[in-house]
Amino acid sequence: MESLSGPLLKIHKYGDPVLQRKAKPVKDFAAVKSLVPAMFDLMYAEPGIGLAAPQVGVSLRLAVVDVPVDGRPNPMVLINPKIEEKKGRIASTEGCLSLPGISVTIARAAVVRVSALNELGFPVSIQADGLLSRCLQHEIDHLDGVLMIDHLSLTEKFKAQLEIRKRKKDGTW
Ligand code: NI
């Protein structure tokens, strides 16, 4: 695990097969102990509000999230998370650290209830709406190998891929 922590962590971008793989459940909590703070550091440095382990090349069902509440940090660790309940549907714009510069508008459930384990292995239950609801769904998608652009129509996805190609060419990817 040494090579997975500290400054060696980097964001894997769209096109990397690890992002399209269904991640495996975390079984060994000791093995991910150093990964969690390293992922928070990278997420805050980018900056971002969510980061899933596959985005740092680790195909495990683990994500970190921090959607501030009233301007205060609200860090969460989600291990083996599961969406227990979904309500409503709302379209909004989102981005992804693995798709730099790309922003898409997609519909997701408005409210979700998520169960997960925290970094100590204790069960947590999160009821979320607004940005946190969207962020949780986005991160859990990552654990299933699903990226935000996979929610687009073929035409929209093609447009996004053209933008990605352009960014790769002009060095803004
Ligand atoms: Ni993402």
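1. Lys82 stands opposite Ser115 of strand E6, and Lys87 faces Val111 of the same strand E6. Strands are DSSP runs of E with at least two residues, helices are runs of H or I with at least four residues, and both are numbered from the N terminus. Two strands count as paired if DSSP finds at least two bridges between them.

2. The model is predicted: local features require pLDDT of at least 70 and side-chain atom pairs count only at pLDDT 80 or more, whereas totals for chains, interfaces and linings use all residues. Residues are numbered from 1 along each chain as its sequence is written, and side-chain values use heavy atoms, with hydrogens and water left out.

3. The open sheet has five strands in the order E1-E2-E3-E6-E7, with antiparallel pairing. Strand E1 (50–52) and strand E7 (123–128) form the edges; each has a single partner strand, so one side of each lacks a neighbour in the sheet. Neighbouring strands of this sheet are turned by 40° against each other on average, direction ignored. Axes are lines fitted to C-alpha atoms, for helices over the stretch in contact, and angles run from 0 to 180 degrees between N-to-C directions.

4. Strands E6 and E7 run antiparallel and are joined by six bridges, with Leu117 opposite Pro123 in E7. Their hairpin has five residues between the strands, and Gly121 takes a positive phi near 90° there.

5. Helix H1 (residues 35–45) packs on the sheet and touches E1, strand E2 (62–66) and E3; its direction makes about 45° with that of E2. Contact here means heavy atoms within 4.5 Å. The buried residues of H1 are Leu35, Val36, Ala38, Met39, Phe40, Leu42 and Met43, and their cover includes E1, E2 and E3. Buried denotes under 20% relative accessible area, exposed over 50%, and partly exposed in between (1.4 Å probe, protein chains only).

6. Which atoms coordinate the nickel ion? The ligands are Cys96 (SG), His138 (NE2) and His142 (NE2), at 2.1 to 2.2 Å. Along the chain these donors follow the spacing C-x41-H-x3-H. Donors are N, O and S atoms within 2.8 Å of the metal (3.2 Å for Na, K and Ca); water is not among the atoms, so sites may look incomplete.

7. Both histidines lie in helix H2, four residues apart, about one turn of the helix. An α-helix has 3.6 residues a turn, so residues three or four places apart point the same way. His138 is buried, with a relative accessible area of 7%, and His142 is buried at 1%.

8. Asp141 also belongs to helix H2 (residues 130–143). Its relative accessible area is 15%, which places Asp141 among buried residues. Leaving aside residues up to four places away in sequence, Asp141 touches Arg108, Val146 and His151.

9. Overall, the protein has three helices and seven strands, running α-β-β-β-β-β-β-β-α-α from the N terminus. Its radius of gyration is 16 Å, close to the 16 Å that the globule rule gives for 173 residues, so the protein is as compact as a globular protein of that length. This radius is taken over C-alpha atoms, and the rule is 2.2 Å times the number of residues to the power 0.38. Of the 173 residues, 45% count as buried.
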